[in-house]
Amino acid sequence: MRSRLSWLLLPYVCIFAFVAPARANEKAEPDPAQSTYWEPIRKIMFGDREILDGKDVLRVYLPLRADDASTVPVTVKAQIEQKPDYYLKTVYLIVERNPSPAAGVFHFTLDSGRVQLETRLRFEDFSHVRAIGEMSDGKLYMSSRWVRAAGGCSAPNARNYVPPALMGKMKFKFEDETIKYDEPALVQLMIRHPNESALAGDFDPSKVARFVRSVVVSYAGKPVMTAEVDFSISENPSFRFSFVPHGAGELRAEVEDTHDQRYMQTLTVSEGQKLPGG
Amino acid sequence: MQMLIRVFLVLLFMCAAWVRAQSSAPLPVSEIAPGNFVHYGGLEERSAANLGDNANIGFIIGNKCVAVIDTGGSFALGEGLRTALRARTALPVCYVIITHAHPDHFFGAAAFRGEQAVFVGHQNLPRALQQRGTFYLKTLIRDLQDLARGSEVVEPSLLVKDRLELDLGGRTISLTAWPTAHTDNDLTVLDSSTSTLWTGDLLFVQHTPVLDGSLTGFLSVIDQLAQLAPAHYVAGHGRTDQGWNAVLEHERRYFQLLADETRRALKSRRTLQDAIETVGVSETENWVNFDLFHRRNVTAAYTELEWED
């Protein structure tokens, strides 16, 4: 899986560096269907597969004008429940004008509950953001949103220097103080990590940019959210998602970065217990 | 045909001369304390019309030489500052001090290359310039186009780790390198002979304060600055007749509210997007450019404070 993502991303680092003209002053929202950026990305990621209108399947929410291009909150919400015979399996999150457009590929299960995913993105230029949902029957659905924000990939990302001792420190934060069994719980996984952008001005091209590339979260031994991600995710990566606990269990996050460092965080969760978050 | 070419060449020459005259017209400066000359930048956004004239910059003249403090947002502005300086003294410029790595403060530096001056900055300045310089230059060219000509990043050769005294002849200025606050490379300049403090962007007047370092750090630096009682001061942006304590308190109130409300949002488990829309809005009327900077400050505050335990 890991190598597949790298394979997806690499050509873009090269292609976009030369081809994409910066049209950062674009004021009006361009038609996502007319985007010249999208076609080559679609071909590489999805080949000839048909992509259907996704408004009844999943929606993507972003501020129209992002105030800080290095940290733009994004939310993807499924419009349908996860049912055994039909569920949202994968969400591809794409910032089409970023030098490496595939920000992340997120996998969900029946134990994820109705899919809700929030993270923070870097933007190199004004861009359409596309969320493509792959259903359990293999069909693809797409929603998109236009965002005005520029300079997040090559712009400064060293505001909060991460001391080596804190590298990989993680936190779980719950939306609610307690959970109820068989009901979805929203939890945020925070990872202390610079998530270096390979496009930042100080980046030495002979080195491998250090960023989180995989996140695996399970509850009571069953996967609830698995992601392959990229440096389009902001520093100190944050992922908020839901899972459905059917009883007491261990919430476990395993994270790996491009320098092969692995980090783990666990939290035992049960009904009625006060959960971290406030 | 030859005639046309000749006319064209003459016109071209006139244009070039006009542009040159424009770029090196002296910037207006005021002597706010003996030997301390300030050019007050505007509060509006950077544009080709203002050449990036958005920060307060200036110089201090000693008996032996001159120290320049910040150089404006483009080479053209640096030239304008240099022309203003040359209208007042023939003494050499011995130091060009960059208060921090933001483009509205340093892009005029190259205008002082010919002066044989030593470029001075915080010990973290070179790293910040290296990380951000290319990006800043790209956006400067995007905004100013041809008028950005000559603007470049000048590496400092004299770095301040803690404190440094510089002798201008009959006048010593002290430079202080601060812990991370507005940025991680903030430097202030004190001319003790007139009790004039050049704060860089550790002090904002009128203009919405900007957070690009650490909120807790900024609040603690403001407390330390409050211990000083300069008779005169030059803020990084904006001007007012109010005294030191009043302007510093105005800024402190903004950052304290930002910290308090962000912590409250975190405590009540609200998301970043929610915090961006609600934190600090009661300050809207108190500052210029609030829409441009405040929400970014909330993002910076939230992503810093969410790691507090």
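Is B:Leu305 buried, partly exposed or exposed? This note on a predicted model takes up that residue, then its helix, then chain A.

1. B:Leu305 is partly exposed. Within 10 Å there are 17 other C-beta atoms. A residue needs 20 or more to count as buried, and 12 or fewer to count as exposed, so a residue in between is partly exposed.

2. B:Leu305 sits in helix H8 of chain B. Set aside the neighbours within four places in sequence, and B:Leu305 is in contact with B:Leu215, B:Ala259, B:Thr262, B:Arg263 and B:Leu266. Take B:Ala259: 46 residues separate it from B:Leu305 in sequence, yet their C-alpha atoms are 8.0 Å apart.

3. Now the helix pair. In chain B, H6 spans residues 244-267 and H8 spans residues 290-305. Their axes come within 10 Å and cross at roughly 60 degrees. H6(B) is therefore oblique to H8(B). The crossing is right-handed.

4. H6(B) brings B:Leu258, B:Ala259, B:Thr262, B:Arg263 and B:Leu266 to this contact. H8(B) brings B:Asn297, B:Val298, B:Ala301, B:Tyr302 and B:Leu305. By class, seven of these residues are nonpolar, two are polar and one is charged.

5. Chain A has two helices and 15 strands. Of its 278 residues, 47% are buried. Consider the contacts in chain A between residues at least 6 apart in sequence: 73% of them join residues at least 24 apart.

Terms used: Residues numbered from 1 in each chain as written. Chains lettered and ligands numbered in written order. Predicted model: local features only at pLDDT ≥ 70, side-chain atom pairs only at ≥ 80, totals over all residues. Axes fitted to C-alpha atoms, helices over the stretch in contact; angles between N-to-C directions. Helix = DSSP H or I, 4+ residues; strand = E, 2+ residues; numbered from the N terminus. Parallel < 35°, antiparallel > 145°, perpendicular 65-115°, else oblique. Left-handed = near helix turned anticlockwise from the far one by under 90°. Contact = placed C-beta atoms within 7 Å. Nonpolar A, V, L, I, M, F, W, Y, C, P; charged D, E, K, R; others polar.
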